[in-house]
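Here is a short briefing on one chain. Look over the sequence and the fold, then read the points below.

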Amino acid sequence: MDNGRYIWCRNCGAIHHVTAFDRYPIYALAGGEAQALPANDWRDFMARHAGHRLEAMTATGNDYLPSGSAFDPMGIAYLEVSNGAETLLLRRNRKRIDEALNYEIVNGRLVQTEESLKSKRKRSAKR
Ligand SMILES: [Zn+2]
C-alpha cells in the first residue's frame, strides 16, 4: 500500500508522497454525478516545482504514531525519510477525512525515549 517513496523540493520545502493513486483520476461527486477529475497529484507537484531542486526520499521505516494506531485515518504520524545522506522528519496529517494526506517537514529527530523503551519491555514480557 505504502511504497515509502517521497519527493522533496529543496527550494520550497514541500513534500510529495509518491503513490500508485497518482496515475489514476480522482472521482468526485459534483452535482450528484461522478466525474473523473483530471487531477494528477504527481504531475501537479512536478509542474508547481518545475526547475526546482527535487530529491527522491525513501522512508527509513522509523515512525511514531502518537495516537497509537496506524489505522486511524485522522491520526497524526511522524515518519523519517532519507536520501541516503540526509534524514528528514515528516509530520503527516489530514485536516478532513475526505482530504488527501498532508506532509510537512518538522524540525527534530525521532528518539527512543525511556517511555517507549518501557512500553516495549512490557510488551515483550507479555509474549
Ligand atoms: Zn518547489
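The model is a predicted one. It holds two helices and eight strands.

**Overall picture**

- The chain has 127 residues, and 9% of them count as buried.
- Take the contacts between residues at least 6 apart in sequence: 40% of these join residues at least 24 apart.

**The sheet**

- Six strands make an open sheet, ordered β2-β1-β5-β6-β7-β8, with antiparallel pairing.
- β2 and β8 are the edge strands; each has a single partner strand, so one side of each is left without a neighbour in the sheet.
- On average, neighbouring strands of this sheet are turned by 40° against each other, direction ignored.
- Strands of a sheet pair through backbone hydrogen bonds, either parallel or antiparallel.

**β1 and β2**

- β1 and β2 (residues 14-18) pair antiparallel through five bridges.
- Is glycine 13 buried or exposed? Glycine 13 is exposed, because 10 other C-beta atoms lie within 10 Å and the cut-off for exposed is 12 or fewer.

- β5 (residues 54-64) runs antiparallel to β6, and four bridges join the two.
- Across this pair, tyrosine 64 stands opposite tyrosine 78 in β6.
- β6 (residues 77-82) and β7 (residues 87-93) are antiparallel and share six bridges.
- Valine 81 faces leucine 88 in β7, and leucine 79 stands opposite leucine 90 in β7.
- β6 and β7 also form a hairpin, with four residues between the strands.
- In that turn, glycine 84 has a positive phi of about 100°.
- β7 goes on to pair with β8 (residues 102-106), antiparallel, over five bridges.
- Here leucine 89 stands opposite valine 106 in β8, and leucine 90 stands opposite isoleucine 105 in β8.

**The nonpolar core**

- Which residues make up the largest nonpolar core? They are Tyr6, Trp8, Ile15, Met57, Leu79, Val81, Leu88, Leu90 and Tyr103, nine residues in all.
- β1, β6 and β7 are the elements that give two or more residues to this core.

- Tyrosine 6 lies in strand β1, which covers residues 5-9.
- Why does tyrosine 6 count as buried? It has 21 other C-beta atoms within 10 Å, and 20 or more is the cut-off for buried.
- Beyond residues up to four places away in sequence, tyrosine 6 touches Ile15, His16, His17, Val18, Met57 and Val81.
- Among these contacts, Ile15, Met57 and Val81 are also members of the core.
- Tyrosine 6 and alanine 59 are 53 residues apart along the chain, yet their C-alpha atoms are separated by 7.7 Å.

- Leucine 90 lies in strand β7.
- Leucine 90 counts as buried, because it has 21 C-beta neighbours inside 10 Å.
- What does leucine 90 touch, not counting residues up to four places away in sequence? Its contacts are Ile15, Tyr78, Leu79, Val81, Tyr103, Glu104 and Ile105.
- Ile15, Leu79, Val81 and Tyr103, among those contacts, belong to the core too.
- Leucine 90 and asparagine 107 are 17 residues apart in sequence; C-alpha to C-alpha, they are 8.6 Å apart in space.

Key. Residues are numbered from 1 along each chain as its sequence is written. This is a predicted model: local features need pLDDT of at least 70, side-chain atom pairs count only at pLDDT 80 or more; totals for chains, interfaces and linings use all residues. Two residues are in contact if their C-beta atoms, placed from the backbone, lie within 7 Å. Two strands pair if DSSP finds at least two bridges between them. A nonpolar core is a set of buried Ala, Val, Leu, Ile, Met, Phe, Trp, Tyr and Cys residues joined through C-beta atoms within 7 Å. Axes are lines fitted to C-alpha atoms, for helices over the stretch in contact, and angles run from 0 to 180 degrees between N-to-C directions.
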